[in-house]
Amino acid sequence: MEIAIVSDIHDNLKHLNTVLDICESREIEHVICCGDLRSPFVISALGESNLNVYIVFGNNDGDQYNMTRLAEEYPNLHLYGEYIGDEENPLILDGVTIGVTHYPFYAKTMVKTGWYDAVFFGHSHKFHKQKFGKSLFLNPGEVAGIFNEATFAIYDTEFRGCEKVEIG
């Protein structure tokens, strides 16, 4: 199974729609968002996609109250706080145990626990892929294309690896 990993959308609906189109063309059903959506209308775009979307907040998600209320209207959206997954309540997709946060310093702690097959994070706007023990430690880059090229990643649960995808 393939899972799209996105981060740092920063209200760029044009690039987000490209990501969603790629997901549809590849028959991807799950998206993990590592924060910094920015505004409630990004929640609407993700909710209307009918993809199963797992979301954490980042430091630029300003209207978290309304984003949370809006997410409740979409059964396909799963909105968490600052992280997804702990030892007692991990996110498991296709047999892969996944940890998610926006912040690299939390992600480093998560990956060191050994609880996860993959830890995904954002914040730096830079694509980063590293193996840490049994875990993949991954930042998919930024969807927004503000500081670097616009990218996201597709994680393959069978091979436990990922590919970097350039947007536009």
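Contact here means heavy atoms within 4.5 Å. Keep that in mind as you work through this predicted model.

**Exercise 1. Find what Thr-157 touches, and say whether it is buried or exposed.**

Step 1: Thr-157 sits in the loop between strand 11 and strand 12 (161-166).

Step 2: Skip the neighbours within four places in sequence. Thr-157 is then in contact with Met-1, Ile-3, Leu-93, Asp-94 and Val-96.

Step 3: Look at the side chains. Those of Thr-157 and Asp-94 are joined by a polar contact of 2.5 Å.

Step 4: Check accessibility. Thr-157 has 4% relative accessibility, so it counts as buried.

**Exercise 2. Check the span of helix 1 (residues 13-25), then find which residues are buried and where they lie.**

Step 1: List the buried residues. In helix 1 they are His-15, Leu-16, Val-19, Leu-20 and Cys-23.

Step 2: Look down the axis. The buried residues of helix 1 fall within an arc of 145°, so they line one face. An α-helix has 3.6 residues a turn, so residues three or four places apart point the same way.

Step 3: Turn to the other side of helix 1. There you'll find Lys-14, Glu-24 and Ser-25 exposed.

Step 4: See what lies over the buried residues. The cover includes strand 1 (2-6), strand 2 (30-33), helix 2 (40-47) and strand 11 (151-156).

Step 5: Inspect the ends. Asn-12 caps the N-terminal end of helix 1, with a side-chain oxygen 3.3 Å from the backbone nitrogen of Lys-14. Just after the helix, Glu-27 has a positive phi of about 60°.

**Exercise 3. Say where Asp-8 and His-123 lie, and what phi each takes.**

Step 1: Start from the general rule. Most residues other than glycine have a negative phi.

Step 2: Take Asp-8. Its phi is near 50°, a positive value, and its place is the loop between strand 1 and helix 1. Asp-8 is buried, with a relative accessible area of 0%.

Step 3: Take His-123. Phi is near 80° here, positive as well, and His-123 lies in the loop between strand 8 (118-120) and strand 9 (127-132). At 32% relative accessibility, His-123 counts as partly exposed.

**Exercise 4. Find out how the chain's radius of gyration compares with that of a compact globule.**

Step 1: Count the elements. The chain has 4 helices and 12 strands.

Step 2: For 168 residues, a compact globule would come out near 15 Å; the chain has 14 Å, which agrees.

Step 3: Look inside. Buried residues account for 52% of the 168 residues.

How values were computed: Residues numbered from 1 in each chain as written. Predicted model: local features only at pLDDT ≥ 70, side-chain atom pairs only at ≥ 80, totals over all residues. Heavy atoms only, no water. Helix = DSSP H or I, 4+ residues; strand = E, 2+ residues; numbered from the N terminus. Expected span 1.5 Å × (residues − 1). Buried < 20%, exposed > 50% of the residue type's maximum accessible area, 1.4 Å probe, protein only. Arc of directions from axis to C-beta. Polar contact = N/O pair within 3.5 Å; in protein donor to acceptor, adjacent residues only side chain to side chain. Rg over C-alpha atoms; globule rule 2.2 N^0.38 Å.
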